[in-house]
Amino acid sequence: MVVTTRVRLDRIASSTRNAGLTPEVILGDEIIAAEGYVLAVRILEDKATYNTIEDVTGRMLSLRGGDVLAGTLGTRRALRGYAGVVPSHIAVGDTIEVLNLGGILGHCTSANPDIGPPFKAEVLGAILAFPELGDRVGRPAHIRDHSVPPSETLDCTVPVVYVAGTCMNAGKTVAATELVRGLARTGLRVAAAKLTGVSLMRDALSMLDAGAVAALTFNDVGIASTHAGITVATAKGIFNRLAGAKPDVIVAELGDGILGEYGVQDVLHDPELMRVGAAYIMAAPDPVACWGAAELMTHEFNLPITAITGPATDNEVGLVYIQTGLGLPAHNARRDAAGLLEVVQKALNGWQGSHESRVTSPDSSGIGSLATREPKLATRDSRLATLDS
């Protein structure tokens, strides 16, 4: 028999948002030790670094010893952060760690010395959901609740600008955000997505702030962190849902690196997802990473690089190597966003030209003519539309 208790949450992590939690929750003592289930934990100590949590509004809030936090069981394999797994068994009173700013919970197996050890927390119980009216028993809450469905088939035909990188913190989100802003200012309806990584709302919110009419992440599909085997169906589900906002283009960020453990490779190998790829932006921190990215994209994925951005383009040393040594366009997203946008626009127009035979009328697929479309949306209402999920 499940023993239940009622607690008040001090912090509700953004990774739990599909579960729709309120500050007052009921806990059960039977815990399913699997990714995506939502737990309540009590933080056991204060920390001086990496000591905040993103809540369901996207705000970063301090986390203190004694705070009761709602988080999501999940894995993490971050080169510059924590690595961790979901324990095989979890019971009330066990100690668990907070693995990222989105509130992913698990057993930490490795920590980066730059950020110190993770928060330790005492497990209080599984947060229960009561989906049926009058339900008095409840069931363990999961972030699959109210999620966007994954799909084995891509129905969306909107062109996609993929923004990938060689590692974490390579400048992917900056590039994606600047492309959303630039494309939106030309009058296009731009949707945005983050297809791989570990739960965090920050990147999608940045793209909405830049002018995206809708933005979704893998977390909206009920996934705490991505890995090989799940990212293709997740991406197709996201694109299919975003098509409902009738965008002209989708800017899709691939979190982590093209050699990481978050399933980026599966996306880049999928024929359906690459068929809608109109541009491929690569973010890299140094010339060696640029060379490696060019080799992998050419020989492993058989895909072009439209342009390289990131710290490797911070000054002329990297720019000259990329342009002359690799023969690729190079544009720093922070200082030369206009140049990056121009390259992407050319790629979009070229993609549109090669797919005109599939479009029966300018609006039949939600794409329109990217080369000649008038900027009728440039003065649209400043309120940003998001998709129900």
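This is a predicted model: local features need pLDDT of at least 70, side-chain atom pairs count only at pLDDT 80 or more; totals for chains, interfaces and linings use all residues.
The accessible surface of the chain comes to about 16700 Å², of which 52% belongs to carbon and sulfur atoms; areas were computed by the Shrake-Rupley method with a 1.4 Å probe, and for residues only the protein chains shown count as cover. Residues are numbered from 1 along each chain as its sequence is written, and side-chain values use heavy atoms, with hydrogens and water left out.

The chain holds eight helices and 19 strands, taken as DSSP runs numbered from the N terminus (helices H or I, at least four residues; strands E, at least two). Of its 389 residues, 54% count as buried, a term that stands for under 20% relative accessible area, with exposed meaning over 50% and partly exposed in between (1.4 Å probe, protein chains only). Contacts are defined by heavy atoms within 4.5 Å. Among those between residues at least 6 apart in sequence, 73% join residues at least 24 apart.

Pockets were located on a 1 Å grid over the protein atoms alone, as open sets of points where a 1.4 Å probe fits, with protein on both sides within 12 Å along at least five of seven lines; lining residues have an atom within 4 Å of a point. Grid points are joined across faces, edges and corners, and a volume is the space filled by probe spheres set on the points. The largest pocket has a volume of about 570 Å³. It is lined by 26 residues, of which R76, M168, N169, K194 and R202 are the closest to its centre. Two or more lining residues come from each of α1 (172-185) and α2 (202-209), and α1 gives the most, with three. The lining comprises ten nonpolar, eight polar and eight charged residues, where Ala, Val, Leu, Ile, Met, Phe, Trp, Tyr, Cys and Pro count as nonpolar, Asp, Glu, Lys and Arg as charged, and the others, Gly among them, as polar.

Of its 17 lining residues, A19, G20, L128, A129 and F130 are the closest to the centre. Strands β3 (24-28) and β12 (120-129) each supply at least two residues of this lining. By class, ten of the lining residues are nonpolar, three polar and four charged.

T226 lies in the loop between β16 (214-217) and α3 (231-242) and counts as buried because its relative accessibility is 2%. Its side chain reaches the backbone nitrogen of G197 at 3.0 Å and the backbone oxygen of Y262 at 2.7 Å. Leaving aside residues up to four places away in sequence, T226 touches L195, T196, G197, F218, T231, E261 and Y262.

T234 is placed in helix α3 and is likewise buried, at 3% relative accessibility. The T234 side chain reaches the backbone oxygen of I230 at 2.8 Å. With residues up to four places away in sequence again set aside, T234 touches P150, F218, V221 and I223.

S147 is found in the loop between β13 (139-140) and β14 (160-165). Its relative accessible area is 22%, so S147 is partly exposed. The S147 side chain reaches the backbone oxygen of R144 at 2.7 Å. S147 and R17 are 130 residues apart in sequence, and their C-alpha atoms are 9.8 Å apart in space.

Note on methods. A polar contact is a pair of N or O atoms within 3.5 Å; within protein, one must be able to donate a hydrogen and the other to accept it, and residues adjacent in sequence count only if both atoms are side-chain atoms.
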